[in-house]
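The following note comments on one structure in numbered points. It begins with individual positions and then turns to the chain and its pockets.

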Amino acid sequence: MSKSIEIFETTKNKPSATYNGYQYRKFHSNLGNKIACRCINERSEKCKGILKTKDNLVVSEMPHSCKPNEVKIDVKKQVANIRRRVCETDLSISKIYQEEMSPLFQRGYEILTEIPTLSSTSLHKTKRRVQGNSSESSTAADIILSSEL
């Protein structure tokens, strides 16, 4: 069993840690590189799982009341990776989605957990925001009408 944790960035650009099939969010840190993380199911399932680390090595782990779900975590990592690639590359969104999600479908993950569809991921909105082409107007003054009307 590895005592190292894996850190990835969520779709909301926040750090998230995974360890032994559980996902954690940071809730406390100090100057000595000690970080305490809570299980992401703290609110939804009232899980009391806590992971304490120092320099990315596990120091202690409090028991969970929820069940580990590595499949769901893998799907979340892939969606975050898709979002990152959409922002960083000029490839089409559908091509990126297909490249990132096809390994999950090949492993049969769609049977074990819900895999978000391309239309449900709001990646097109992310791409427009990155390119500065937001199609949503915030005020009536932002709407430009054609003079031909």
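1. Asn41 sits in the loop that runs between strand S4 (34–39) and strand S5 (50–54). The model is a predicted one, and the remarks below should be read accordingly. Asn41 has a relative accessibility of 17% and therefore counts as buried, the cut-off for that class being under 20%. Leaving out residues up to four places away in sequence, Asn41 touches Lys46, Cys47 and Cys66.

2. Lys46, one of the residues touched by Asn41, is placed in the loop between S4 and S5. Is Lys46 buried or exposed? Its relative accessibility is 64%, so Lys46 counts as exposed; the class requires over 50%. The backbone of Lys46 also deserves attention in review: phi is positive, at about 55°, although the residue is not a glycine.

3. A positive phi is also found at Asp55, where the value is near 55° in a residue other than glycine. Asp55 is located in the loop between S5 and strand S6 (57–61). With a relative accessible area of 48%, Asp55 is classed as partly exposed.

4. Thr53 belongs to strand S5. At a relative accessibility of 4%, Thr53 counts as buried. What does Thr53 touch, when residues up to four places away in sequence are not counted? The contacts are Ile5, Asn33, Lys34, Ile35, Val58 and Val59.

5. Ser60 is a residue of strand S6 and is partly exposed, its relative accessible area being 31%. Setting aside neighbours within four places in sequence, Ser60 is in contact with Ile50, Leu51 and Lys52. For Ser60 and Ile50, which are ten residues apart along the chain, the separation between C-alpha atoms is 8.2 Å.

6. Turning to the whole chain, there are four helices and six strands. Their order along the sequence is β-β-β-β-β-β-α-α-α-α. Of the 149 residues in the chain, 32% are buried. Where contacts link residues at least 6 apart in sequence, 40% of them join residues at least 24 apart. The accessible surface of the chain amounts to about 10,400 Å², and carbon and sulfur atoms account for 51% of that surface.

7. The largest pocket has a volume of about 500 Å³. Its lining consists of 22 residues, and those nearest the centre are Thr10, Thr11, Gln23, Ile40 and Lys76. By class, this lining comprises eight nonpolar, five polar and nine charged residues.

8. Which elements each supply at least two residues of the lining of the largest pocket? They are strand S2 (15–19), strand S3 (22–29) and helix H1 (70–88). H1 gives the most, with five residues. At the level of domains, at least three lining residues of the largest pocket come from each of domain 1 (6–62) and domain 2 (70–116).

9. The second largest pocket holds about 250 Å³ of space. A total of 14 residues line this pocket, and Glu9, Thr10, Ala80, Asn81 and Arg84 lie nearest its centre. Two or more residues of the lining come from each of strand S1 (6–9), H1 and helix H4 (123–131). H1 provides the largest share, namely seven residues. The classes represented in this lining are three nonpolar, six polar and five charged residues.

Conventions
Residues numbered from 1 in each chain as written. Predicted model: local features only at pLDDT ≥ 70, side-chain atom pairs only at ≥ 80, totals over all residues. Heavy atoms only, no water. 1 Å grid on protein atoms, 1.4 Å probe; cavity = no way out; pocket = protein on both sides within 12 Å on 5 of 7 lines; lining within 4 Å. Points joined across faces, edges and corners; volume = space filled by probe spheres on them. Nonpolar A, V, L, I, M, F, W, Y, C, P; charged D, E, K, R; others polar. Domains from an automatic or database assignment. Buried < 20%, exposed > 50% of the residue type's maximum accessible area, 1.4 Å probe, protein only. Contact = heavy atoms within 4.5 Å. Areas by Shrake-Rupley, 256 points an atom, 1.4 Å probe, with all protein chains shown as cover.
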